[in-house]
Amino acid sequence: MPRIKHVAIATQDPEATAKFYKEGLGLFEVGKVQSVLAEGYYLSDGYINLAILKYRTDEVATTEGAPRHAGIHHIGFSVDDMADAQSKIIEAGA
């Protein structure tokens, strides 16, 4: 059964955004992101993770046809069988 793994928020200031969610809503840090694509944090409420990401280029920030450097960027799912999940979402109209 697919499960929501994380919701990703794009931001230009990952430190301030993470601070807001930690201090304002009580989320806790479960990881840091430092890659060639993005930098930021993984926060959690204990059930679902919140990825706070500053994308390094317009190309990697692009979703739904345009770069998105602020706001909700994507939702990540964990699946047991990627080929089966891909087949099902294509059949569903992806």
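**Salt bridges, sheet and packing**

Lys88 counts as exposed, with a relative accessibility of 52% (buried means under 20% relative accessible area, exposed over 50% and partly exposed in between, using a 1.4 Å probe and protein chains only). The model is a predicted one, so local features need pLDDT of at least 70 and side-chain atom pairs count only at pLDDT 80 or more, while totals for chains, interfaces and linings use all residues. Residues are numbered from 1 along each chain as its sequence is written, and side-chain values use heavy atoms, with hydrogens and water left out.

Lys88 has a charged partner: Asp84 forms a salt bridge with Lys88, and the closest N and O atoms are 3.3 Å apart (a side-chain nitrogen of Lys or Arg within 4 Å of a carboxyl oxygen of Asp or Glu). The two sit 4 residues apart in helix H3 (residues 82–91), so about one helical turn separates Asp84 from Lys88. Helices (H or I, at least four residues) and strands (E, at least two) are DSSP runs numbered from the N terminus. Asp84 itself is partly exposed at 36% relative accessibility.

The salt-bridge count comes to 3. Another of them joins the side chains of Lys22 and Glu29, at 3.2 Å from N to O. Both ends are partly exposed, Lys22 at 31% relative accessibility and Glu29 at 33%. Glu39 also takes part in a salt bridge, with Arg56, where the closest N and O atoms are 3.5 Å apart. Since Glu39 belongs to strand S3 and Arg56 to the loop between S4 and helix H2 (58–61), this pair ties together parts that are 17 residues apart in sequence. Arg56 is partly exposed as well, with a relative accessible area of 38%.

Now for the sheet. It is open and built from 5 strands in the order S2-S3-S4-S1-S7, with mixed pairing (two strands pair if DSSP finds at least two bridges between them). Strands S2 (28–34) and S7 (71–78) stand at the edges with a single partner strand each, so one side of each has no neighbour in the sheet. From one strand to the next, the twist averages 20 degrees. Strand S1 (residues 3–10) runs antiparallel to S7, with 7 bridges between them, and Arg3 stands opposite Ser78 in S7. Helix H1 (residues 14–25) packs on the sheet and touches S1, S2, strand S3 (38–44) and S4, with its direction at about 5 degrees to that of S3. Axes here are lines fitted to C-alpha atoms, for helices over the stretch in contact, and angles run from 0 to 180 degrees between N-to-C directions.

Strand S3 is largely enclosed by the rest of the structure, because 5 of its 7 residues are buried. With S2, strand S3 pairs in the antiparallel sense over 6 bridges, and a hairpin of 3 residues links S2 to S3. Glu29, the salt-bridge partner of Lys22, has Leu43 in S3 as its bridge partner. S3 and S4 also run antiparallel, joined by 7 bridges; Ala38 finds its bridge partner in Tyr55 of S4. These two strands form a hairpin with 4 residues between them, and Gly46 in the turn has a positive phi of about 100 degrees.

Within strand S4 (residues 49–55) sits Ala51, which is buried at 0% relative accessibility. Beyond its neighbours within four places in sequence, Ala51 is in contact (heavy atoms within 4.5 Å) with His6, Val7, Ala8, Ile9, Tyr41 and Tyr42. Ile75 is 24 residues from Ala51 in sequence and 9.4 Å from it in space, C-alpha to C-alpha.

As for ring-on-ring pairs, the structure holds 1 aromatic pair. Its members are Phe20 and Tyr21, with ring centres 5.0 Å apart and planes at 85 degrees, so the pair is edge-to-face. Rings of Phe, Tyr and Trp (its six-membered ring) pair if their centres lie within 6.5 Å, with planes under 30 degrees apart counted as stacked, over 60 as edge-to-face and the rest as tilted.

Finally, Thr63 lies in strand S5 (residues 62–63) and counts as buried at 17% relative accessibility. Residues up to four places away in sequence aside, Thr63 touches Arg68 and His73.
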